[in-house]
Amino acid sequence: MGKLVICDHPLIQHKLTFIRDVRTNTKDFRELVDEVASLMAYEITREVPLETVKVQTPVAEMDGKVLAGRMLGLIPILRAGLGMLDGMLKLIPAAKVGHVGLFRDPETLQPVEYYTKLPTDVTERELIVIDPMLATGGSAIAAIDVLKKRGCTQIKMMNLIAAPEGVRAVQEAHPDVDIYVAALDEKLDDHGYIVPGLGDAGDRLYGTK
């Protein structure tokens, strides 16, 4: 079973409180999401392997550490996942970016893939699927399905806020995927919104209703 990691760093928790606040305007909301994404990128890359290289400082030669093995790929789920992308790229500028677009069928309520564009070497990369909210888990499962169908095997999920129902659903559908969140909330309401949550992340990021 994939692990659930709650990124409880004080700076993440501090900023998340203001992200949740209904009084936070679009500009501040977008900036805070960007900042938390950077901080979470620090946490989710904690176990990236290193290798030793020789480096010459102004004083002496030494053994330094650089990232080794697979490079990273960032896969935001359109559209809300884009709000976390730049914050992660600030910390991981060499990462390549793919996009997965999903919409919910109004009759079946199931996610439908409408757009996918991935790096050509996506199967050689460790991928981080990005979406602010993990509610029912439907979009996350569908996005991971898209990646696995294309041969990807090293996948993690990163969300600001998750509901227990969504975490369980992803873990059952994809037990090899670790999930990183800033907070695990109480539940889903009757409309599929996370409680207490932060509302609709896409609408708050882009000022739409």
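Helix α2 passes helix α3 in a right-handed crossing; a crossing is right-handed if the near helix is turned clockwise from the far one by less than a right angle, and left-handed if anticlockwise. Helices here are DSSP runs of H or I with at least four residues, strands are runs of E with at least two, and both are numbered from the N terminus. The model is predicted: local features need pLDDT of at least 70, side-chain atom pairs count only at pLDDT 80 or more, and totals for chains, interfaces and linings use all residues. Residues are numbered from 1 along each chain as its sequence is written, and side-chain values use heavy atoms, with hydrogens and water left out.

The axes of α2 and α3 lie 7 Å apart, at an angle of about 50°. Axes are lines fitted to C-alpha atoms, for helices over the stretch in contact, and angles run from 0 to 180 degrees between N-to-C directions. α2 and α3 are therefore oblique to each other. Angles under 35 degrees count as roughly parallel, over 145 as roughly antiparallel, 65 to 115 as roughly perpendicular, and the rest as oblique. On the α2 side, the contact (heavy atoms within 4.5 Å) is made by Val33, Asp34, Ala37, Ser38, Ala41, Tyr42 and Ile44. α3 contributes Gly83, Met84, Asp86, Gly87, Met88, Lys90 and Leu91. This contact divides into 8 nonpolar, 3 polar and 3 charged residues. Ala, Val, Leu, Ile, Met, Phe, Trp, Tyr, Cys and Pro count as nonpolar, Asp, Glu, Lys and Arg as charged, and the others, Gly among them, as polar.

α2 (residues 26–44) also packs on α1 (residues 10–20), at about 155° and with axes 9 Å apart. The two helices are therefore roughly antiparallel. Their crossing is left-handed. α1 supplies Leu11, Ile12, Lys15, Leu16, Phe18 and Ile19 to the contact. Among the α2 residues involved are Phe29, Leu32, Val33 and Val36. By class, there are 11 nonpolar, no polar and 3 charged residues.

The crossing is right-handed. Ala140, Ile141 and Ile144 of α4 meet Ala169, Val170 and Ala173 of α5. This contact has 6 nonpolar, no polar and no charged residues.

The largest pocket holds about 880 Å³ of space. On a 1 Å grid over the protein atoms alone, a pocket is an open set of points where a 1.4 Å probe fits, with protein on both sides within 12 Å along at least five of seven lines; lining residues have an atom within 4 Å of a point. The volume is the space filled by probe spheres set on the points, which are joined across faces, edges and corners. The lining comprises 28 residues, with Arg104, Asp131, Ala135, Ser139 and Asp200 nearest the centre. Elements giving two or more residues to the lining include β4 (72–78), β6 (99–104), α4 (138–149) and α6 (201–206). By class, the lining has 15 nonpolar, 9 polar and 4 charged residues.

Two cis peptide bonds complete the description. Leu78 and Arg79 are joined by one, with omega about 5°. Arg79 lies in the loop between β4 and α3 (82–91). The bond from Val195 to Pro196 is also cis, with omega near 0°. Pro196 is in the loop between β13 (194–195) and α6.
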